[in-house]
Amino acid sequence: MLRQFKTLCLGLATIGLTVGCANVATLPVQDASLTDQDGYEGRVRLVRFLDEPDGYCLDVPGPAGSELLEVPLVAHTCHPDPYLDQVFRFNQDPAREIRWTTEAHDLCFTPDAVEVGSRLHLRTCGEHPAQAFEYTIGQELKLVDADLCIHVERRGAGPRQPPGEGQDAYGRGLSVNAQYTHLMRFLELRQCGNGDPSMSRWKAIQ
């Protein structure tokens with residue numbers, strides 16, 4: 001899919017049409033892993049799809065080029081192709097940040113506080129002590145030096161409530177448009193290895 005899209009973009013460029021192509025990341029077409037010793041660059045998707053058939057990917061809120069950097073980071077419907085608001089660098093240097101790098105920005109995942117329930121924002125890399133993460137054997141993204149991992153929030157019906165129409169035991173993500181075609185859930189820190197792993201297990205996808 002990505003290779004085909006890039007070919008289309010190159011063809012459009014020859015006739016002066018590149019609308020939408022500039023926001024697509026140029027990534028190698030290869031297998032990738034968050035455990036790669038040389039580091040990873042690409043999308044990160046929740047292993048469990050929950051109520052979203054396209055899956056939930058780590059995401060910077062807002063439209064491409066006009067990202068809402070003061071809004072907490074989210075897991076959002078995965079785009080068909082890797083747009084820049086869903087492409088992150090991980091484990092590419094000793095600092096072990098989850099880094100979002102564009103022509104205009106070089107920012108890192110940063111919890112608002114090192115405590116359960118804290119949400120995450122993009123902040124200047126190196127200016128905050130709690131920006132290092134590790135990928136665990138349990139497929140969680142764990143804050144180094146703290147037993148806290150990145151979870152997606154649970155919304156709607158809980159596990160002890162019968163699911164409502166259109167919901168499952170994990171609730172339904174928050175709609176981000178009137179057509180209800182894109183969903184999101186805020187990210188938050190929760191204790192690692194405790195609770196439902198469906199809400200905290202992540203994998204690399206290109």
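How many aromatic pairs does the structure hold? The structure holds one. Rings of Phe, Tyr and Trp (its six-membered ring) count as a pair if their centres lie within 6.5 Å; planes under 30 degrees apart are called stacked, over 60 edge-to-face, and the rest tilted. Here the partners are Phe88 and Phe109, arranged edge-to-face, with 5.2 Å from centre to centre and 90° between the planes.

Before I continue, a word on the source. This is a predicted model, in which local features need pLDDT of at least 70 and side-chain atom pairs count only at pLDDT 80 or more, while totals for chains, interfaces and linings use all residues. Residues are numbered from 1 along each chain as its sequence is written, and side-chain values use heavy atoms, with hydrogens and water left out.

Let us return to the pair. Phe88 belongs to strand β4 (residues 88–90) and Phe109 to strand β6 (residues 106–111), so the pair links distant parts of the chain, 21 residues apart. Strands (E, at least two residues) are DSSP runs, numbered from the N terminus. Buried means under 20% relative accessible area, exposed over 50%, and partly exposed in between (1.4 Å probe, protein chains only).

A further ring deserves attention. The charged end of Arg119 sits over the ring of Phe186, 4.2 Å from its centre; the criterion is that NZ of Lys or CZ of Arg is within 6 Å of the ring centre and within 35 degrees of the ring normal.

I turn now to the backbone. Which residues other than glycine have a positive phi? Leu50, with phi near 55°, is one of them, and Asp145, near 70°, is another. Leu50 is found in the loop between β1 (40–46) and β2 (56–59), and counts as buried because its relative accessibility is 15%. Asp145 lies in the loop between β9 (141–143) and β10 (148–152), and is exposed, with a relative accessible area of 77%.

Ser175, in strand β11 (residues 174–175), counts as partly exposed because its relative accessibility is 26%.

Finally, confidence. pLDDT is the predictor's confidence in each residue, from 0 to 100. The chain averages 80, and 76% of the residues score at least 70. Over residues 157–167 pLDDT stays under 50, and the model has 17 contacts there beyond four places in sequence, a contact being heavy atoms within 4.5 Å.

Methods
Helices (H or I, at least four residues) and strands (E, at least two) are DSSP runs, numbered from the N terminus.
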